[in-house]
Amino acid sequence: MYDKFTPMHKTFTKEDLLRYLYGEMNREERQELRSVFSDDIILHAEFLALKEAKECLNKGRVSPSAFAINNIMSYAKALKVRPSKQLRIVDFVLN
């Protein structure tokens, strides 16, 4: 039970952890979160899991495969764009 002399801590969410991870917190919020890490091992573990996930995402593939590029290029070659005869729009016709 809290009395008037017991300090209260802010409750941090996963969104707060992500904001910290991506450097979107102000100085006060960062300091408060760091101080809570030492007391709340579950919150700190969640942060470490998110940090690991971010690092894995950064290692991932950043460009499409050759197969995907070939499919897109084939579709683009088969597509004709022409003004519509009936309306003031553009018709897209796939050959």
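Colleague: Which residue just after α1 takes a positive phi?

Modeller: Gly23 does, with a phi of about 70°. Keep in mind that this is a predicted model.

Colleague: What elements does the chain hold, and how do they run?

Modeller: The chain has four helices and two strands. From the N terminus on, the order is α-α-α-α-β-β.

Colleague: Which residues of α1 are buried?

Modeller: Asp16, Leu17, Tyr20 and Leu21.

Colleague: How do you know on which side of α1 they lie?

Modeller: Look at the arc around the axis. These residues cover only 140° of it, so they sit on the same side of α1. There, the buried residues of α1 pack against α2 and α3.

Colleague: Why is Glu29 called buried?

Modeller: Glu29 has a relative accessible area of 19%. Buried means under 20%. The value falls under the cut-off, so Glu29 counts as buried.

Colleague: Where is Glu29, and what is it in contact with beyond its neighbours within four places in sequence?

Modeller: Glu29 is in helix α2. With those neighbours left aside, Glu29 is in contact with Lys10, Phe12 and Arg19.

Colleague: Why is Met73 called partly exposed?

Modeller: Its relative accessible area is 46%. Buried needs under 20%, and exposed needs over 50%. The value of Met73 lies in between, so Met73 is partly exposed. Met73 belongs to helix α4, residues 66-78.

Colleague: What makes up the nonpolar surface patch with Met73?

Modeller: Ile69, Ile72 and Met73 make it, with an area of about 290 Å². A patch residue needs over 30% relative accessible area. Met73 has 46%, so it passes that cut-off.

Colleague: What makes up the largest nonpolar core?

Modeller: Ten residues: Phe12, Leu17, Tyr20, Leu21, Met25, Leu33, Val36, Phe37, Leu43 and Phe47.

Colleague: Why is it called a nonpolar core?

Modeller: The name asks for buried residues of listed kinds, joined through side-chain atoms within 4.5 Å. Phe, Leu, Tyr, Met and Val are among those kinds. In soluble globular proteins, nonpolar side chains tend to be buried together.

Colleague: Which residues is Met25 in contact with, leaving aside its neighbours within four places in sequence?

Modeller: Phe12, Asp16, Arg19, Tyr20, Arg30 and Leu33. Phe12, Tyr20 and Leu33 are core residues, as is Met25.

Colleague: How much of the chain is buried?

Modeller: Buried residues make up 14% of the 95 residues.

Note on methods: Residues are numbered from 1 along each chain as its sequence is written. This is a predicted model: local features need pLDDT of at least 70, side-chain atom pairs count only at pLDDT 80 or more; totals for chains, interfaces and linings use all residues. Side-chain values use heavy atoms; hydrogens and water are left out. Buried means under 20% relative accessible area, exposed over 50%, partly exposed in between (1.4 Å probe, protein chains only). Contact means heavy atoms within 4.5 Å. Patches are made of residues with over 30% relative accessible area and no salt bridge: like charges are joined within 9 Å, nonpolar side chains (Val, Leu, Ile, Met, Phe, Trp, Tyr) within 5 Å. Accessible areas come from the Shrake-Rupley method with a 1.4 Å probe; for residues, only the protein chains shown count as cover. A salt bridge is a side-chain nitrogen of Lys or Arg within 4 Å of a carboxyl oxygen of Asp or Glu. The arc is that of the directions from the helix axis to the C-beta atoms.
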